[in-house]
Amino acid sequence: ETVRATVDTGRMLFLCAGAFETLYDQVFQRVVSPKSGIKLPTTTTYVNGKITIREYFTLRHHFRQEDLFEYGMQPQFLSRFDNAVILEDLTAATLARIFREPKEGVLQVSQNFFQKYGITLEVTDEAVQKIAEEAAKSSRIGARALKSLYGRIIKPHVFEALPLVN
């Protein structure tokens with residue numbers, strides 16, 4: 001049986017967020033293209049008698065709505081949103097909370113898995129901090145870095161936990 005309902009979305013706020021890894025590269029290539037006419041800002045540092053001049057690029061300062069179309073988002077979908085903004089990268093402290101707190105998060109799922117085999121998995125605060133710090137280095141993929149990094153650490157122990165099947 002099909003149930004139909006009408007929902008008035010006139011007073012609803014829709015938020016979508018995520019890490020779009022290749023969007024950064026796409027916008028960077030557009031900006032540094034000789035045709036762009038954009039000059040990147042520079043910083044000058046003087047260390048141990050050497051002057052270093054570096055150009056720096058931030059997605060926040062060069063992103064345009066059209067970049068999402070070129071990235072592959074459908075205009076019909078994006079037109080439903082009033083704004084597109086670039087969020088700050090996740091900090092190690094935030095990543096540590098994302099790793100530790102959600103009931104369906106990386107750590108809880110792993111602990112539940114091991115519990116099924118009578119194993120209590122404990123991760124020290126120091127280990128959580130180290131995992132979060134390493135994941136923060138992969139800021140372009142957001143919290144997905146936690147799962148990838150933790151997976152490399154825990155997977156060898158998963159096979160040790162599994163009972164042998166006769």
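Let's start with F114, which is buried, with a relative accessible area of 4%; buried here means under 20% relative accessible area, exposed means over 50%, and partly exposed is in between (1.4 Å probe, protein chains only). Before going on, a word on what you're looking at: this is a predicted model, where local features need pLDDT of at least 70, side-chain atom pairs count only at pLDDT 80 or more, and totals for chains, interfaces and linings use all residues. Residues are numbered from 1 along each chain as its sequence is written, and side-chain values use heavy atoms, with hydrogens and water left out.

Now for the aromatic rings. Rings of Phe, Tyr and Trp (its six-membered ring) pair if their centres lie within 6.5 Å; planes under 30 degrees apart count as stacked, over 60 as edge-to-face and the rest as tilted. The model has five aromatic pairs by that rule. One of them brings F28 and F57 together edge-to-face, with 5.1 Å from centre to centre and 80° between the planes. F28 lies in helix α1 and F57 in the loop between β2 (50–55) and α2 (59–62), so this pair ties together parts that are 29 residues apart in sequence. (Helices, H or I with at least four residues, and strands, E with at least two, are DSSP runs numbered from the N terminus.) F57 is buried at 11% relative accessibility, whereas F28 is partly exposed at 28%. Our opening residue has a ring partner too: F113 and F114 form an edge-to-face pair, 5.3 Å centre to centre with 85° between the planes. F113 counts as partly exposed, at 25% relative accessibility.

A salt bridge is a side-chain nitrogen of Lys or Arg within 4 Å of a carboxyl oxygen of Asp or Glu, and the count comes to eight. Which residue does R30 form a salt bridge with? Its partner is D67, and the closest N and O atoms are 2.9 Å apart. This pair links distant parts of the chain, with R30 in helix α1 (residues 21–32) and D67 in helix α3 (residues 65–71), 37 residues apart. Both R30 and D67 are buried; for R30, the relative accessibility is 18%.

A polar atom of its side chain lies 2.5 Å from the backbone oxygen of H62. Beyond its neighbours within four places in sequence, R30 is in contact (heavy atoms within 4.5 Å) with S36, I38, H62, F63, R64 and D67. R64, in turn, meets E66 in a salt bridge, 3.3 Å from N to O. R64 is partly exposed at 34%, and so is E66 at 39%. Put together, R30, R64, E66 and D67 are linked in a network of salt bridges.

For another salt bridge, look at K130 and E134, whose side chains meet at 3.4 Å, N to O. Both lie in helix α7 (residues 125–136), four residues apart, which is about one turn of the helix. K130 is partly exposed at 47% relative accessibility, as is E134 at 28%.

Last stop: F159, found in helix α8 (residues 144–161). Is F159 buried or exposed? F159 is exposed, with a relative accessible area of 62%.

Methods:
Polar contact = N/O pair within 3.5 Å; in protein donor to acceptor, adjacent residues only side chain to side chain.
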